[in-house]
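Please take a moment with the sequence and the three-dimensional view before reading on.

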Amino acid sequence: ESDTLVGFVRGITDHTSNGYISMVVVAPDYRNQGIGRKLVEELTTKNTGITWVLRASRDGAKEFFAHLGFVMSTDAMELTRQ
C-alpha cells in the first residue's frame with residue numbers, strides 16, 4: 001500500500017441529469033494501466049440518468065473517451081473567454 005497519488009478525475013454534476021468531466025489526470029509513470037478508465041467509469045456509472053459532457057481537445061482524448069462509450073455531440077455550444 002502506498003500514499004502516492006497516481007491519478008484523479010474532476011466531475012461536476014447536479015446529481016439529476018447533467019454532468020461535466022473537467023479533468024482526468026494520471027501520472028506519467030502510471031499511464032496505460034487502466035487507471036484513467038477506472039476513474040471515469042467510477043464517476044459516470046453511479047447514476048445512469050446523468051448525461052456527461054466534456055471537452056476532448058487534447059491529443060488522444062477523443063479516442064480515450066470513445067472507448068468508454070462517449071460520442072461526439074451535435075448539441076454543445078461554448079462561449080470562449082477573451
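T44 is found in helix α1, where helices (H or I, at least four residues) and strands (E, at least two) are DSSP runs, numbered from the N terminus. This is a predicted model, in which local features need pLDDT of at least 70 and side-chain atom pairs count only at pLDDT 80 or more, while totals for chains, interfaces and linings use all residues. Residues are numbered from 1 along each chain as its sequence is written, and side-chain values use heavy atoms, with hydrogens and water left out.

A polar atom of the side chain of T44 lies 2.9 Å from the backbone oxygen of V40. When residues up to four places away in sequence are not counted, T44 touches I21, W52 and F70, contact meaning heavy atoms within 4.5 Å.

The buried residues of α1 are G36, V40 and T44, where buried means under 20% relative accessible area, exposed over 50% and partly exposed in between, with a 1.4 Å probe and protein chains only. Seen down the axis of α1, these buried residues fall within an arc of 55°, so they line one face of the helix; the arc is that of the directions from the helix axis to the C-beta atoms. In general, an α-helix has 3.6 residues a turn, so residues three or four places apart point the same way. The partners against which the buried residues of α1 pack are β2, β3 and α2 (61-66).

What is the order of the strands in the sheet? The sheet is open and has 3 strands in the order β1-β2-β3, with mixed pairing; two strands pair if DSSP finds at least two bridges between them. Because β1 (7-13) and β3 (51-54) stand at the edges, each with a single partner strand, one side of each is left without a neighbour in the sheet. On average, and with direction ignored, neighbouring strands of this sheet are turned by 30° against each other, axes being lines fitted to C-alpha atoms, for helices over the stretch in contact, and angles running from 0 to 180 degrees between N-to-C directions. Helix α1 (residues 35-44) packs on the sheet and touches β1, β2 and β3, its direction making about 160° with that of β2.

The two pairings can be taken in turn. β1 and β2 run antiparallel and are joined by 7 bridges; I12 stands opposite Y20 in β2, and R10 has M23 in β2 as its bridge partner. These strands form a hairpin with 4 residues between them, and H15 in the turn has a positive phi of about 60°. Strand β2 (residues 18-26) pairs with β3 in the parallel sense over 4 bridges, and the bridge partner of I21 in β3 is L54.

A search of the whole structure finds 2 aromatic pairs, a pair being rings of Phe, Tyr and Trp (its six-membered ring) whose centres lie within 6.5 Å, with planes under 30 degrees apart counted as stacked, over 60 as edge-to-face and the rest as tilted. The rings of F64 and F65 have their centres 4.9 Å apart and their planes at 85°, so the pair is edge-to-face. The rings of F65 and F70, with centres 5.3 Å apart and planes at 75°, also make an edge-to-face pair. F65 is buried, with a relative accessible area of 9%, whereas F64 counts as partly exposed at 31% relative accessibility.

Key: Polar contact = N/O pair within 3.5 Å; in protein donor to acceptor, adjacent residues only side chain to side chain.
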